[in-house]
Amino acid sequence: MSRQARESHDLLLGEWACLGLLYKKPSHGFAIAARLKPGSDIGRIWSLTRPLTYRALEQLQIHGYVEESGEEAGLAGGNRTLLTITKPGRAIFRTWINTPVVHLRDMRSELLLKLVLAEECGIDIADMLKTQRKNTKTLQRNIESSINENRENDVVLVWRREIAEATLRFIDSIK
């Protein structure tokens, strides 16, 4: 997919993570990459290499969601470019974080990332979680109905049912 092929609202999960990390205050790519490396606070949910972090930040700049806002002295010499989220960036981030996750396969990554970023950014997503629970309950019922229609040996449906049930328990446990 070319850099221009995606719509401006069709961001990748790593790009959403970068946008969320800039929501409260300006930062530079090196600091954002540190928070996205495997094992870090955000990287344990969704990780990016440093080059992919810089590419994500570049994409956010191309779409006008992030802009350069100054420089900061680097620890090893040289200056680091500070990035700030723009007004359109804030708006699209708030829309994304308040939108329920559609696919069960994305609950572990996208839903968990939304929860952690919402807490860090001070955004109340209680209404989103109510809708997420309702939507997941509907998915669960549809899956259960498919299983009951003589497909009880369909390992994919059984897996999806288990993910739906686990998601419902998880949402109930964090309310």
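This is a predicted model: local features need pLDDT of at least 70, side-chain atom pairs count only at pLDDT 80 or more; totals for chains, interfaces and linings use all residues.
The strands are considered first. Strand E3 (residues 79-85) pairs with two partners: with strand E1 (residues 27-28) in the antiparallel sense over 2 bridges, and with strand E2 (residues 66-73), also in the antiparallel sense, over 7 bridges.

The salt bridges come next. Side chains of opposite charge can pair when their charged atoms come close, and a search of the whole structure finds 6 salt bridges. One of these joins Glu120 and Arg35, with an N to O distance of 2.6 Å. The two residues lie 85 residues apart, Glu120 in helix H5 (residues 107-121) and Arg35 in helix H2 (residues 29-36), so that the pair links distant parts of the chain. Glu120 counts as partly exposed because its relative accessibility is 25%, and Arg35 is likewise partly exposed at 25%. Together with Asp41, Arg35 and Glu120 are linked in a network of salt bridges.

A further salt bridge connects Glu144 with Arg161 at 3.6 Å, N to O. Here helix H6 (residues 126-148), which holds Glu144, is linked to helix H7 (residues 155-174), which holds Arg161, across a separation of 17 residues. Glu144 is partly exposed at 26% relative accessible area, whereas Arg161 counts as buried because its 19% falls under the 20% limit. Arg161 also meets the side chain of Glu162 in a salt bridge of 3.8 Å, N to O. Glu162 is partly exposed, with a relative accessible area of 37%.

Key:
Residues are numbered from 1 along each chain as its sequence is written. Side-chain values use heavy atoms; hydrogens and water are left out. Two strands pair if DSSP finds at least two bridges between them. Helices (H or I, at least four residues) and strands (E, at least two) are DSSP runs, numbered from the N terminus. A salt bridge is a side-chain nitrogen of Lys or Arg within 4 Å of a carboxyl oxygen of Asp or Glu. Buried means under 20% relative accessible area, exposed over 50%, partly exposed in between (1.4 Å probe, protein chains only).
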